[in-house]
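Have a look at the sequence and the model, then read on.

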Amino acid sequence: MKIVCIGAGYVGGPTMAMIAYKCPDIQVVVVDINAARIAAWNSDELPIYEPGLDDVVKAARDRNLFFSTDTHKHVAEGDIIFVSVNTPTKTRGVGAGKAADLTYWEGAARMIASVSTSSKIVVEKSTVPVKTAEAIEKVLRRNCADPNVHFEILSNPEFLAEGTAIEDLEKPDRVLIGGKETESGQQAIQVLKSVYEHWIPAERILCANLWSAELSKLTANAMLAQRISSINSISALCEATGADVQQVARCIGTDSRIGPKFLNASVGFGGSCFQKDILNLVYICETVGLKQVAEYWHSVVHINDYQKQRFVERMIEAMFNTISGKKIAVLGFAFKKDTGDTRETPAIDVCKGLMADNARINIYDPKVTEAQIHNDLSLDKFMWDHPSASGTKSPRQNSVTCFKDAYSACQDAHGLCVLTEWDEFKTLDYERIYASMTKPAFVFDGRNILDHTRLRSLGFVVYALGKPL
Ligand code: NAD
Ligand code: UGA
């Protein structure tokens with residue numbers, strides 16, 4: 001059996017590496033139009049940072065795992081074609097700012113149809129709007145010259161989270177496979193199931209119809225994001241009343257119906273998918289006339305924007321209502337720890353908010369490059385996932401300096417804020433940092449990872465999220 005995956009990104013690369021690692025009897029080829037990305041997958045410097053990924057790739061690469069730009073050749077030879085291309089939010093035209101841009105997906109489907117001379121199972125790995133399979137099937141059928149070639153479409157959404165991708169792929173809560181309720185649809189489900197059964201217990205592989213599988217992915221992300229917005233909304237109330245959001249989270253999380261996970265109040269959720277997938281859900285609801293349902297889900301994004309804005313306003317207010325010309329150290333720029341990914345990171349909005357008030361910003365992140373930070377701060381909303389978007393430096397960015405360690409970033413700063421929960425920030429020498437800062441020295445902990453009592457005893461003025469002063 002030959003598996004081919006179109007798209008060597010955060011999902012395509014790690015998922016295919018895991019399949020190849022666990023299934024030595026299957027040849028797996030990951031193809032991409034981005035030659036630099038493929039070259040990186042074939043080198044010692046993988047294009048993404050993910051704990052444990054290096055070992056998995058090294059064990060399988062050039063054995064039964066290959067990365068190539070020869071898209072047509074491999075797709076033509078494949079039995080199962082995964083499509084794991086980006087599906088960003090549309091930036092222009094009908095549905096701009098909400099609907100999913102399926103340009104890359106449709107391009108991939110047209111290419112599959114044009115090179116296929118044998119029947120194939122085409123797997124939606126990307127997150128797509130419900131009913132996408134119907135459109136894709138039409139594109140495949142009508143663009144393939146050989147009428148004997150049959151395409152069976154499956155939905156196999158990915159639930160991995162960045163930073164824990166390898167763990168999530170090795171021991172997933174579940175794998176979801178959606179297919180048509182026809183004989184050939186059910187057969188295709190069994191073929192894909194047999195791949196996952198190499199390492200995942202059969203009872204963890206859920207089968208559903210196509211539309212349920214597609215919608216489950218959007219719903220899972222929407223509910224996860226909703227949980228964060230819920231606790232973040234309560235963090236605002238905690239600050240106003242003297243309650244402590246971490247205590248509230250612990251008290252409610254012990255109710256088994258609520259559960260303890262995903263209740264960390266933060267400066268806001270980020271990442272390439274939560275916002276994009278909720279907006280996509282909102283758009284779908286609007287197009288089928290479900291205005292109230294659309295508004296309900298949209299409020300999850302509104303609260304997230306409010307949380308980021310609130311964080312900036314609290315900083316400005318704390319620092320005597322002016323941060324003009326003041327140096328502020330930003331610790332952490334990635335959207336979460338253990339990744340170098342900055343897509344939709346709350347740090348972008350916080351930094352832009354501080355820059356709008358004329359602050360000078362010193363940024364340090366252990367995994368994000370200086371070029372990436374400058375690029376992110378120059379792009380408009382939703383432009384991050386569009387390859388044509390170019391990072392032109394705006395004049396405001398002259399107020400941004402990047403550093404290679406936290407101590408230099410904090411030197412002479414009036415305040416420091418923690419925007420990513422990197423473990424190394426917990427064990428910094430805060431006595432040294434305090435001594436090097438301008439007084440009064442402010443700390444704004446956007447992730448609640450620091451020891452606030454100790455920091456106060458050192459002399460810092462500490463603002464923790466959702467906690468009394
Ligand atoms: P990505 O941008 O990292 O990777 C997509 C890749 O597809 C890019 O390298 C791009 O060059 C390539 N590509 C686009 N069109 C192509 C074509 N026609 N032929 C060959 N290559 C092509 O995106 P990602 O983060 O891997 O996400 C992919 C999909 O998976 C999205 O729909 C996303 O919503 C979903 N998803 C992402 C995550 C995550 O953690 N990042 C998790 C679950 C699901
Ligand atoms: C999320 C989902 O967890 C995955 O299941 C899904 O596959 C993926 O989106 C996707 O479709 O892309 P990811 O965005 O990689 O994964 O990371 P999460 O751990 O979900 O964190 C998302 C954001 O929420 C981060 O900014 C994180 O810091 C924030 N977060 C998370 C909180 O603020 N509080 C929490 O309690 C948890």
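## A buried valine

V175 counts as buried because its relative accessibility is 8%, where buried means under 20% relative accessible area, exposed over 50% and partly exposed in between, using a 1.4 Å probe and protein chains only. You'll find V175 in strand β7, residues 175-179. Helices (H or I, at least four residues) and strands (E, at least two) are DSSP runs numbered from the N terminus. V175 and K90 sit 85 residues apart in sequence, and their C-alpha atoms are 28 Å apart in space.

A word on the ground rules: residues are numbered from 1 along each chain as its sequence is written, while chains are lettered from A and ligands numbered from 1 in the order in which they are written. This is a predicted model, where local features need pLDDT of at least 70, side-chain atom pairs count only at pLDDT 80 or more, and totals for chains, interfaces and linings use all residues; side-chain values use heavy atoms, with hydrogens and water left out.

## A buried charge

E124 belongs to strand β5, residues 120-124.

What does the side chain of E124 have 3.1 Å from one of its polar atoms? That would be the backbone nitrogen of A133. A polar contact is a pair of N or O atoms within 3.5 Å; within protein, one must be able to donate a hydrogen and the other to accept it, and residues adjacent in sequence count only if both atoms are side-chain atoms.

## Around ligand 1

Ligand 1 has 25 residues around it, and V11, D32, R37, T87 and K276 are the closest; a residue is near a molecule or strand if one of its heavy atoms lies within 4 Å of it. This shell splits into 8 nonpolar, 9 polar and 8 charged residues. Here Ala, Val, Leu, Ile, Met, Phe, Trp, Tyr, Cys and Pro count as nonpolar, Asp, Glu, Lys and Arg as charged, and the others, Gly among them, as polar.

A polar side-chain atom of R37 is 2.7 Å from an oxygen atom of ligand 1, and a side-chain N or O atom of T87 is 2.6 Å from an oxygen atom of the ligand. Taken alone, ligand 1 exposes 830 Å², and the protein buries 92% of that; accessible areas come from the Shrake-Rupley method with a 1.4 Å probe, and for residues only the protein chains shown count as cover.

## Around ligand 2

Ligand 2 has 20 residues around it, with F159, L160, E162, S266 and R447 coming nearest. Helix α9 (residues 210-241) gives the most to this shell, 4 residues.

The backbone does its share here: a backbone N or O atom of E162 lies 2.7 Å from an oxygen atom of ligand 2, and a polar backbone atom of N264 is 2.8 Å from a nitrogen atom of ligand 2. Taken alone, ligand 2 exposes 700 Å², of which the protein buries 90%.
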